[in-house]
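User: Could you take a close look at one part of this model for me? I'm new to it, so please walk me through how the inside is packed.

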Amino acid sequence: MRMRWFRRFIVLSLVLLCSVWLHVRDRQGPVKLFTASVVWAAEKSPRSPDVHFVGTPHEVVEIMLRLADVKQTDVVYDLGSGDGRIVIAAAKKAGCRAYGFDLDPEMVEQSIRNVKKEKMEALVTIKQKDIFDLDLSQASVVTLYLLPELNVALIPQLEKMKPGSRIVSHNFDMEGVDPDVEATVHRKDGKSNKVYLWTTPLKKPRPHILRKLLFGK
């Protein structure tokens, strides 16, 4: 009789322990999942840069700033600013405010060091930003050295710039928008580079006169 009671006691104890364990496991499951999600979100890397930095030759930088007619009253934005050479040159040349934006944290650190080295901290600001999230309406000059498809992707933002603002690009044009100036820079090393200038509002290509007569477009 005593043995039978003891067996019942053991079985009931095991059942109770199993119930408690299952309850605790169910309560902890979502907590563990939530914790894992937070860790994943914290470790998730930002979007990779669209292009790898290739520096614009200093001779080309000079022509870009000349074409854009950068003055002291201008605000210059360099989109994909790399080592900061264009914004530093703009600030030195005109004494204007200049902002460099880049997605690559290593290039941002390098450009900040270059700004300090040139003692241009009062005029030049470098920020780690996605250029497609930027409000360009405060810029009067935008400089670019991006791929053609990236220039095109920026058009909706560029169209929000104030009338008379200038956009200047090294090597690559902007499909669907006519440049005001297309120049060739002949460098001392014998190589050459294209430079394109647009002013806002951006000019869409005019249809061919024959096409207009035939199709009314």
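Analyst: Let's start with valine 70: setting aside neighbours within four places in sequence, valine 70 is in contact (heavy atoms within 4.5 Å) with Leu65, Val76, Ala94, Cys96, Val141 and Arg166. This is a predicted model, where local features need pLDDT of at least 70 and side-chain atom pairs count only at pLDDT 80 or more, while totals for chains, interfaces and linings use all residues. Residues are numbered from 1 along each chain as its sequence is written, and side-chain values use heavy atoms, with hydrogens and water left out.

Val70, along with Val76 and Val124, touches the most other members of the largest nonpolar core, which has 25 residues. Such a core is a set of buried Ala, Val, Leu, Ile, Met, Phe, Trp, Tyr and Cys residues joined through side-chain atoms within 4.5 Å; buried means under 20% relative accessible area, with a 1.4 Å probe and protein chains only. Helix α3 gives the most to this core, six residues. Helices here are DSSP runs of H or I, at least four residues, and strands are runs of E, at least two, numbered from the N terminus.

In α3, the buried residues are Ile86, Val87, Ile88, Ala90, Ala91 and Ala94. Their cover includes α2, α4 and β1. After α3 comes glycine 95, with a positive phi near 70°.

Over in α2 (residues 58-67), Val60, Val61, Met64 and Leu65 are buried. Seen down the α2 axis, they fall within an arc of 135° (taken from the directions from the axis to the C-beta atoms), so they line one face of the helix. They pack against α3, β4, β5, β6 and β7.

Terms used. Buried < 20%, exposed > 50% of the residue type's maximum accessible area, 1.4 Å probe, protein only.
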